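Hello,

Here is the model I promised to pass on to you. Have a look at it first, and then read my notes below.

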Amino acid sequence: MWYTYLIMEIIAEKSDIIIHGARDFDLTHIFECGQCFRWNRTGENEYTGTAKGHALTISQSADEIVFHDTPERVFYDVWYDYFDFGTDYGAIKERLSDDPVMREAMKYGGGIRILNQDLWETVVSFIISASNNIPRIKGIVERLCAAYGEETVYRGDVYYTFPAAERLSALSREDLGVIRAGFRDKYIIDAAGKFHSGELSAQGLSKMTSQDAKKALMTISGVGNKVANCILLFGLHRTDAFPVDVWIKRIMEYCYFGGGKRPINEISAFAEDKFGKNLGGYAQQYLFFYARENKIGTDREDVL
DNA sequence: CACCAGGCAAGCC
DNA sequence: GGCTTGCATGGT
């Protein structure tokens, strides 16, 4: 068994960090599988984004990943964990490959990694995701950061960090009008209050079982079952969580139920039974990317 | 114009 | 408990 984090080589060269020999890592898969909203394609095999107070341009060619203008300290303090380099995705994919549907899905998004994102940013981002589409979610999050985040300069350009709960807790719905979040503005303010007061915190939630953390998250107005599952998976790295959205519902109906409509609860139960306690989140991400690549539920679903 | 988008809360029974 | 409806905004 190969372990990505053991065989890969990390080199500091001039102002860049360069990685050779990384496996199961593809920027397109990572940034287009629906887990994050602040990364944009800025060139051929290149993405630029902001996370945990730092901006980054990252590019990838056949044999190397380049973290541009990145001090070693920032790479090891922030990006190594953010990109989940300590996890062996080869072993995860091996375990999922018993299932023929997963084998097919992993042909499409085999380079996915579940990012270790900031919890608070994940809470707000997925509150905004409710009854929304991904381009518009990205727009709202970006306006939120531009209006209330802090400036950070990277490679001569200004970026905005994700605003702290303390900052947002002081705002009114009118103040949030500029981000055009619609009915979700009151939910953002409620979440900010709970995180600023300490009623909810990353430290507290990370000590809870997934079930308890989910209950606690659902005390936030605007956080229901689906959004809570996304926060568990993307904000707390609970890979037992299996968020069922319209894409997952469609792809699973198509691949596992012969195309017949099924209620969300039945799909969740099926996934829990099939993928078990720890693989559900990974399976969900491979399926989500697969569904979107093949536009399941739209005019191109015949391609499968 | 209607309908939908990574749902949810509130109001019904 | 389960089921229905309104919700802001923007794209097709």
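Let me begin at the DNA. Helix H12 contributes the most to the surface near DNA strand B, with four residues. Here "near" is applied to a residue whose C-beta atom, placed from the backbone, lies within 6 Å of the molecule or strand. Helices (H or I, at least four residues) and strands (E, at least two) are DSSP runs, numbered from the N terminus.

A word on conventions before I go on. This is a predicted model, so local features need pLDDT of at least 70 and side-chain atom pairs count only at pLDDT 80 or more, while totals for chains, interfaces and linings use all residues. Residues are numbered from 1 along each chain as its sequence is written, and chains are lettered from A and ligands numbered from 1 in the order in which they are written.

**The DNA surfaces**

DNA strand B is surrounded by 21 residues, and the closest are Gly34, Asn133, Gly224, Val227 and Asp245. Two elements give two or more residues to this surface: helix H12 (225-235) and helix H13 (246-256). By class, the surface near DNA strand B holds nine nonpolar, ten polar and two charged residues. In this scheme Ala, Val, Leu, Ile, Met, Phe, Trp, Tyr, Cys and Pro count as nonpolar, Asp, Glu, Lys and Arg as charged, and the others, Gly among them, as polar.

Around DNA strand C you will find Ser131, Arg136, Arg180, Gly182 and Phe183. That surface has one nonpolar, two polar and two charged residues.

Most residues other than glycine have a negative phi. Is Ser131 buried or exposed? Ser131 counts as exposed because it has 7 C-beta neighbours inside 10 Å. The cut-offs are 20 or more other C-beta atoms within 10 Å for buried, 12 or fewer for exposed, and partly exposed in between, with C-beta atoms placed from the backbone.

Asp84 also has a positive phi, near 60°, and is not a glycine. Asp84 sits in the loop between helix H3 (72-82) and helix H4 (89-96), and with 20 C-beta neighbours inside 10 Å it counts as buried.

**The chain as a whole**

Chain A has 14 helices and eight strands. Its C-alpha atoms fill a box of roughly 50 × 50 × 40 Å, taken along the principal axes. For 304 residues, a compact globule would have a radius of gyration near 19 Å, and chain A agrees with its 19 Å. That radius is taken over C-alpha atoms, and the globule rule is 2.2 Å times the number of residues to the power 0.38.

Buried residues make up 40% of the 304 residues in chain A. Of the contacts in chain A between residues at least 6 apart in sequence, 62% join residues at least 24 apart; a contact means C-beta atoms, placed from the backbone, within 7 Å.

The domain assignment gives domain 1 (7-86), domain 2 (119-235) and domain 3 (246-298), with bounds that come from an automatic or database assignment. The C-alpha centres of domain 1 and domain 3 lie 28 Å apart.

**The cores**

A nonpolar core here is a set of buried Ala, Val, Leu, Ile, Met, Phe, Trp, Tyr and Cys residues joined through C-beta atoms within 7 Å. The largest one has 71 residues, and those with the most contacts inside it include Ile127, Ile188, Ala191 and Leu287. Helix H14 (residues 264-293) supplies the largest share of this core, eleven residues. A second, separate core of eleven residues includes Ile19, Ala22, Ala55 and Phe75.

Setting aside residues up to four places away in sequence, Leu287 touches Ala105, Ile248, Ile251 and Met252. With that same exclusion, Val124 touches Ile188 and Ala191. Val124 belongs to helix H6 (residues 119-128) and is buried, with 29 other C-beta atoms within 10 Å.

**One more residue**

Phe31 is in helix H2 (residues 27-31). Phe31 is buried, with 20 other C-beta atoms within 10 Å. Beyond its neighbours within four places in sequence, Phe31 is in contact with Cys36, Trp39 and Tyr47.

Best wishes

Conventions: Two residues are in contact if their C-beta atoms, placed from the backbone, lie within 7 Å.
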